[in-house]
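Q: Could you walk me through this structure? I would like to begin with whatever I need to know about its parts.

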Amino acid sequence: MDPCRALALAAGLSAAAVAAPAAGSLAITPPATPTAAPALELHAGPEVDLPFGEDIGFPAGPGADAASANCLTCHSADHTLNQPSLSRAEWRKVVDKMVTAYKAPIAPADATAIVDYPTRIKGEP
Ligand code: HEC
């Protein structure tokens, strides 16, 4: 008995398990002849008209830059603009809530200027 088989048998494997594979079972299938990949065709992307046009930020005007810089990191401008109109004191509370509850990195010195903006465009009449 050859030493390999003897070792396998000693390890508890049956003689059949270590029998040589049947002739032909190791035949290697030749790889399919590679065919040229079809040339990629480029299509122009679909035209999409977003409801808010090109500008998804806040409407321009005094304070718009501050609002864009501080109020668009977590949600869209719409999230603010679609709220009911609020008084200045209520907008102040909203901005404070963004800072305290949601950790908006707004310096207290900037908060007053930021509150002016929604008060102007979404303030109570
Ligand atoms: C750090 C992230 C973050 C920033 C920055 C942020 N918000 Fe928010 N805001 C949130 C989260 C979170 C909610 C709650 C989401 C929801 O209601 O679906 C929210 C909700 C709101 C709402 C809905 C009403 C409410 O009280 O929940 C308004 C209005 C709003 N934000 C305005 C602002 C304004 C104005 C600014 C800029 C001063 C701002 N947010 C900046 C995270 C942020």
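A: Helices here are DSSP runs of H or I with at least four residues, numbered from the N terminus. Please keep in mind that this is a predicted model.

Q: Which helices each supply at least two residues of the shell around the ligand?
A: They are helix H2 (64-71), helix H3 (77-81), H4 and H5. The largest share, four residues, comes from H4.

Q: How many residues surround the ligand, and which are the closest?
A: The ligand is surrounded by 18 residues, and the closest are Cys71, Cys74, Met98, Tyr102 and Ala104.

Q: How do the residues of that shell divide into nonpolar, polar and charged?
A: The shell has 10 nonpolar residues, six polar ones and two charged ones.

Q: Turning to H4, which of its residues are buried?
A: Trp91, Val95 and Met98 are buried in H4. Seen down the helix axis, the buried residues of H4 fall within an arc of 50°, so they line one face of the helix.

Q: Why would residues a few places apart point the same way?
A: An α-helix has 3.6 residues a turn, so residues three or four places apart point the same way.

Q: And what is on the other side of H4?
A: Ala89, Lys97 and Thr100 are there, and they are exposed.

Q: What covers the buried residues of H4?
A: The cover includes H5. In turn, what covers the buried residues of H5 includes H2, H3 and H4.

Q: What span does H5 reach from its first C-alpha to its last?
A: H5, with 15 residues, reaches 21 Å, close to the 21 Å expected at 1.5 Å a residue.

Q: Which residues of H5 are buried?
A: Ile114, Val115, Tyr117 and Pro118 are the buried residues of H5. Viewed down the axis of H5, they fall within an arc of 155°, so they line one face of the helix. The face turned away from that buried side carries the exposed residues Ala109 and Thr112.

Q: New topic: where is Lys103?
A: Lys103 lies in the loop between helix H4 (88-100) and helix H5 (108-122).

Q: Is Lys103 buried or exposed?
A: Lys103 is exposed, because 9 other C-beta atoms lie within 10 Å, and a residue counts as exposed at 12 or fewer.

Q: What about the phi of Lys103?
A: The phi of Lys103 is positive, about 65°, although Lys103 is not a glycine. Most residues other than glycine have a negative phi.

Terms used: Residues numbered from 1 in each chain as written. Predicted model: local features only at pLDDT ≥ 70, side-chain atom pairs only at ≥ 80, totals over all residues. Buried ≥ 20, exposed ≤ 12 C-beta atoms within 10 Å, placed from the backbone. Arc of directions from axis to C-beta. Contact = placed C-beta atoms within 7 Å. Near = placed C-beta within 6 Å. Nonpolar A, V, L, I, M, F, W, Y, C, P; charged D, E, K, R; others polar. Expected span 1.5 Å × (residues − 1).
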